[in-house]
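This report describes one protein chain, going from the whole chain to single residues. Please look at the sequence and the model before reading on.

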Amino acid sequence: MTWPTGTILEEDELISNLDDYASSLQVDAILVLGGGVPSSPKDPPTYVKNRCDVVAKLIHAFQERTTTNNGGHHPSVVCLSAGTAHLPQYITPHNGLPLWESTASAAYLMQHPTYPIPEKHMFVETTSYDTISNAFFTRSTFTDINGWKKIIVVTNEFHIHRTKAIFDWIFSVPNTESGPSPNYELFYLSCNNVGLSNEAVEARRSHEKRGETNVLENLAKQYTTLKSVLGFLTTNHDFYAANKLVRQSMGDGNIEKRSGNLLKLSYGQRQSADSSSGSSLIQDGKIVVSVDGRYEHDKEN
């Protein structure tokens with residue numbers, strides 16, 4: 001079985017022909033995109049767990065091929081995302097610090113019930129808060145530096161087309177106008193949308209379609225070097241532009257309020273109250289715990 005560069009492969013197709021794909025494809029790294037607020041330090045949202053489960057099976061197939069062939073290459077696995085702009089972050093109870101989405105995904109993979117991934121092959125990216133910054137910080141802090149050129153990008157079906165538009169853009173531009181082409185080969189894996197209602201998936205698809213259109217028709221045409229993408233992030237992005245971050249810290253422009261409830265479900269918001277979930281933010285120097293969409297002061301920071 002062949003997986004042409006730049007194409008999207010569906011989970012069911014991969015799993016049905018897992019050994020064939022593992023035998024025919026050699027990659028340097030697999031990127032597992034974050035997808036929302038974890039429910040515990042080792043429990044990402046259900047649909048993100050599914051991404052991890054598929055990656056664990058694929059890594060196991062690569063390992064089997066390596067053992068059979070008395071050699072071969074074990075790809076690195078990089079879990080992405082610090083958090084999401086749509087919901088408060090999980091706060092770990094024992095130290096009051098945010099739990100990165102990528103940390104929860106890595107913990108789940110390293111402790112996978114069937115195919116645990118050795119920690120020496122696991123990495124976490126802890127700077128990004130959306131798909132554009134997923135791509136930018138992964139390239140600038142991992143793939144460019146390590147020389148990883150053949151990469152599988154893994155997310156859910158509802159997210160795959162905007163993800164492809166963004167990674168195709170960010171991973172194709174030179175560092176500067178006179179710089180060489182980065183020559184990446186990207187493969188996209190679309191995992192099933194488990195754990196979400198049809199209404200939540202449709203809300204997310206609509207959101208993603210608008211974002212994909214903006215990337216293809218505007219951003220990718222305007223920002224044509226990695227340096228200019230950094231300029232975009234540090235001047236226009238809510239989570240990286242200094243002036244916007246300052247205004248948000250003063251309570252001006254609450255990003256979290258912009259997203260509807262259905263959309264928030266696809267970013268990790270749970271449908272029922274769960275006081276043990278740890279979904280929290282900081283207000284007035286205190287940790288605030290979210291209980292079914294309401295916030296109550298819990299303890300001093």
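Predicted model: local features only at pLDDT ≥ 70, side-chain atom pairs only at ≥ 80, totals over all residues.

Residues are numbered from 1 along each chain as its sequence is written, and side-chain values use heavy atoms, with hydrogens and water left out.

**The whole chain**

The average pLDDT (the predictor's confidence in each residue, from 0 to 100) is 86, and 81% of the residues score at least 70. Over residues 271-301 the pLDDT stays under 50. The chain has ten helices and nine strands; these are DSSP runs, numbered from the N terminus, with helices (H or I) of at least four residues and strands (E) of at least two. Of the 301 residues, 50% are buried. Buried means under 20% relative accessible area, exposed means over 50%, and partly exposed lies in between (1.4 Å probe, protein chains only). Among contacts (heavy atoms within 4.5 Å) with a separation of 6 or more, 71% come from residues 24 or more positions apart.

**The cores**

In soluble globular proteins, nonpolar side chains tend to be buried together. A nonpolar core is a set of buried Ala, Val, Leu, Ile, Met, Phe, Trp, Tyr and Cys residues joined through side-chain atoms within 4.5 Å. The largest one here has 36 residues, and Ile30 and Ile152 touch the most other members. Helix α3 gives the most to this core, with ten residues. Another core lies apart from it, with 34 residues that include Ile132, Phe136, Phe142 and Leu186. Beyond four places in sequence, the contacts of Ile30 include Val55, Leu58, Ile59, Phe62 and Ile152.

**Polar contacts**

A polar contact is a pair of N or O atoms within 3.5 Å; within protein, one must be able to donate a hydrogen and the other to accept it, and residues adjacent in sequence count only if both atoms are side-chain atoms.

| Residue | Partner | Distance |
|---|---|---|
| Arg162 | Thr131 | 3.3 Å |
| Arg162 | Glu208 | 2.5 Å |
| Asp144 | Tyr184 | 2.4 Å |

Arg162 is in helix α6 (residues 157-170) and counts as buried because its relative accessibility is 12%. Asp144 is in helix α5 (residues 131-146) and is partly exposed, at 29%. Asp144 and Tyr184 are 40 residues apart along the chain, and their C-alpha atoms are separated by 9.6 Å.

**Aromatic pairs**

Rings of Phe, Tyr and Trp (its six-membered ring) pair if their centres lie within 6.5 Å; planes under 30 degrees apart count as stacked, over 60 as edge-to-face and the rest as tilted. The count comes to twelve aromatic pairs. Phe171 and Tyr184 have ring centres 4.8 Å apart and planes at 75 degrees, so the pair is edge-to-face. Phe171 is buried, at 3% relative accessibility, and Tyr184 is buried too, at 12%. Trp3, Tyr21 and Phe187 form one aromatic cluster.
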